[in-house]
Amino acid sequence: MAEVLRPEKLDISNDTSSLASPELLHVLAVDDSIVDRKFIERLLRVSSCKVTVVDSATRALQYLGLDGDNSSVGFQDLKINLIMTDYSMPGMTGYELLKKIKESSVFREIPVVIMSSENILPRIDRCLEEGAEDFLLKPVKLADVKRLRDSLMKAEERVFKNIMHKRELEANDIFSQLKRAKI
């Protein structure tokens, strides 16, 4: 059996402290074509995203730790904001990858975008029904990536605000209880 190589990783910043910045979204890009992989990687970098690229759906599952192999990347601490995958790949399609991700309790909430050079409506509908965030026709344009990035940033901001609101309500409740107990 062939040895599994770690996926290529590309951090666009030399200052690793910025990787914790809420401005830097981490995208896992999956495509069997090196040309398409480099192209989408470049578009994402230009849009200020941290990018990890892999060449197959199987490698994506290994990176996410969904292949059942204990030697995978530490996926408990893995922060992926978006997965972009080609639809037509040998071995496992982007649709099959989408299904596996949506079946995962750890990664089901991560938006998955399917990309394809074929505009086949039943395929698009099937992907969207299975939970894909979007379906982009290749070649993907910078405007598509920026739109996705802006949408993700707004979603992340809403999640953060909801968490902060819940914490504020909990703190107020505890304060009220303490006040009633006169502690």
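Strands here are DSSP runs of at least two residues, labelled E and numbered from the N terminus. Under that scheme, strand E4 covers residues 82-86, and Asp86 lies in it. The model is a predicted one.

Start with the whole chain. The protein chain holds five helices and six strands. Their order along the sequence is β-β-α-β-α-β-α-β-α-β-α. Of its 183 residues, 39% are buried. Take the contacts between residues at least 6 apart in sequence: 66% of them link residues at least 24 apart. The accessible surface is about 11,300 Å², and carbon and sulfur atoms account for 52% of that.

Now return to Asp86. UniProt, in an unreviewed entry, places the feature "modified residue: 4-aspartylphosphate" at this residue. Is Asp86 buried or exposed? Its relative accessible area is 6%, and buried means under 20%, so Asp86 is buried. Which residues does Asp86 touch, leaving aside those up to four places away in sequence? They are Val30, Asp31, Asp32, Gly94, Met115, Ser116 and Lys138.

Phe160, Ile163 and Met164 make a nonpolar patch of about 290 Å². Met164 belongs to helix H5, which spans residues 142-181. Its relative accessibility is 37%. That value falls between the 20% and 50% cut-offs, so Met164 counts as partly exposed. Asp86, by contrast, is buried at 6%.

Notes
Residues are numbered from 1 along each chain as its sequence is written. This is a predicted model: local features need pLDDT of at least 70, side-chain atom pairs count only at pLDDT 80 or more; totals for chains, interfaces and linings use all residues. Side-chain values use heavy atoms; hydrogens and water are left out. UniProt positions are given in the numbering used here, feature names are shortened, and annotations may be inferred rather than shown by experiment. Helices (H or I, at least four residues) and strands (E, at least two) are DSSP runs, numbered from the N terminus. Buried means under 20% relative accessible area, exposed over 50%, partly exposed in between (1.4 Å probe, protein chains only). Contact means heavy atoms within 4.5 Å. Accessible areas come from the Shrake-Rupley method with a 1.4 Å probe; for residues, only the protein chains shown count as cover. Patches are made of residues with over 30% relative accessible area and no salt bridge: like charges are joined within 9 Å, nonpolar side chains (Val, Leu, Ile, Met, Phe, Trp, Tyr) within 5 Å. A salt bridge is a side-chain nitrogen of Lys or Arg within 4 Å of a carboxyl oxygen of Asp or Glu.
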